[in-house]
Amino acid sequence: MLVVVTALVVVGLPPGASADLGAAVHELLDVGRTAVPRADCGPGSAPEAGLQGDVPAADRDSGRSTQGYRCNLSMVGGYAGRGGGITSTSYEHCAYLGTLFPGTLLGEHPGVQVLDVSDPANPRLTATLAEPAMLAGTWESLKVNTTRELLVGTGVPVGLGAGYLSVYDISDCARPRLLNPGFGSNLALPLPITTHEGGFSPDGRTYWASGLVPGFLSAIDLVDPANPRVIWQGLTGIEAHGLGVSPDGNRLYLSALGGFTVLDVSAVQRRDPNPFVPHLGRTFWTDGWATQHSVPVTYAGVAHLFTVDEGGSGGVKLLDVSDDSAPRITARIKLEINLPDNIDANIGSGMGGSLFSYESHYCAADRPANPTALACGWVSSGIRVFDVRDPGAIREIAYFNPPARTGRNLELWNSPHALASIIGIPLLGAPAVLRAMAEGVFDPAQALTSRAGDVAFGDLSTDWCMSPPEWRGEQLYVTCADNGFMVLRFDNGVYTAPADQQSTVGS
């Protein structure tokens, strides 16, 4: 099926679909070497004992990590199920758990699970979405648009998918209604797209599907959500990962390798016939790689991005993007465990935890204009929350690293962590290790812990928190791979929700 659909894509490109590959290239070669200040943990906390963000080898071996760590965040309720997929999403008082193929087929509720969180202490399952795209694994494509009250997911069996996309009306959030029974949802009627990740334009009229390699991107018109249709496609480079779209829908920030490409998608936004999509600039860096997605925000009216790297301990960068061709880093967010001087300790405790260790993945700002806080899924470091009111003085205010579900791999059919733990080596950190070695700051003695030999069949001694934490007043809706869906509450007065709070993921 993948070969057939890829052929459809190649022969079915709309006229004028290819993107302009000529653009200014901007390189950022400096490396962040300072962590944000630690949170001041108040009463009721069970804080980390070592480096900020670390789950030490001793805690993993002793079972201490099965109790979790918390600082100014506590759990109200949750729904673990068989795991939370790679990324999940939410709308109003409901949550939608992403799926992982083939594990989703093995559980008692195959497909995307819909949770009613009206009672945050007791989320309950109300529906299961079992269209082909939902059963094939939604990877990082399951997204909500609040303006149109739409939920979209694409089918991604293993890294790269093709052909299938389902659109749901979630005006009754606990009971989504399929809108496109034909193209995209009918097995015999695939769309000519490749997928890995995706996201909406803010107005909900366009869903952008990125197909990873070879940098293939598709714009899918959802003006009539019952009839999704491809209106633009193009090759954007050698790799297309996650994205962020500007509030007016005219700029798309497409993650690629280490950095991102700025695309002028205004012609698609206007629905010009045969739209032309020029590249306005490319920004690359060596401090982190596998750039995940971007969250467009403004500070005092100036366009900025929070851009997240899922590999190489790059953490989160805040960039001024008022000049498309020359973005400028204005702040970096790293934990102590991400610093070059601590990469040896990072590897020492992360062995046996599988491909990822202490990497950022998806973030959400609490409002798009002058955000006051940013919450991120930081994989094995759990959920991390930062005060970002002053870009020059970003600090951590809270974290929640959920209890490890050690030894329960076979129960967690829908957890990418459980599945990937057949590999024990944190390979996503390899570039950071090589840099530390080249700089002479990697101490093999720090890396050779009791876990050094755990190169396969990991023990789930942490969780993987990859989904964007979504803001709900002074609570967060979060989903982690092993623990599934959780509602967290801020404690000790560390966060006050602004009156115009609007959870902002960027896509």
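Which residue meets Asp-287 in a salt bridge, and what is the N to O distance?

Mentor: This is a predicted model, in which local features need pLDDT of at least 70 and side-chain atom pairs count only at pLDDT 80 or more, while totals for chains, interfaces and linings use all residues. Residues are numbered from 1 along each chain as its sequence is written, and side-chain values use heavy atoms, with hydrogens and water left out.

The partner of Asp-287 is Arg-332, at 3.0 Å from N to O. Asp-287 sits in the loop between strand 21 (279–285) and strand 22 (289–299), and Arg-332 belongs to strand 25 (residues 328–333), so the pair ties together parts that are 45 residues apart in sequence. Strands here are DSSP runs of E with at least two residues, numbered from the N terminus. A salt bridge means a side-chain nitrogen of Lys or Arg within 4 Å of a carboxyl oxygen of Asp or Glu. Asp-287 has a relative accessible area of 1% and is buried; Arg-332, at 19%, also counts as buried. The cut-offs are under 20% relative accessible area for buried, over 50% for exposed, and partly exposed in between (1.4 Å probe, protein chains only).

Asp-309 and Lys-317 form another salt bridge, at 2.7 Å from N to O, and both residues are buried. Through shared partners, salt bridges join Asp-30, Asp-287, Arg-332 and Lys-334 into one network.

Asp-116 pairs with Arg-124, their closest N and O atoms being 3.5 Å apart. Here Asp-116 is buried at 8%, whereas Arg-124 is partly exposed at 45%. The structure holds 24 salt bridges.

Technical notes. Helix = DSSP H or I, 4+ residues; strand = E, 2+ residues; numbered from the N terminus.
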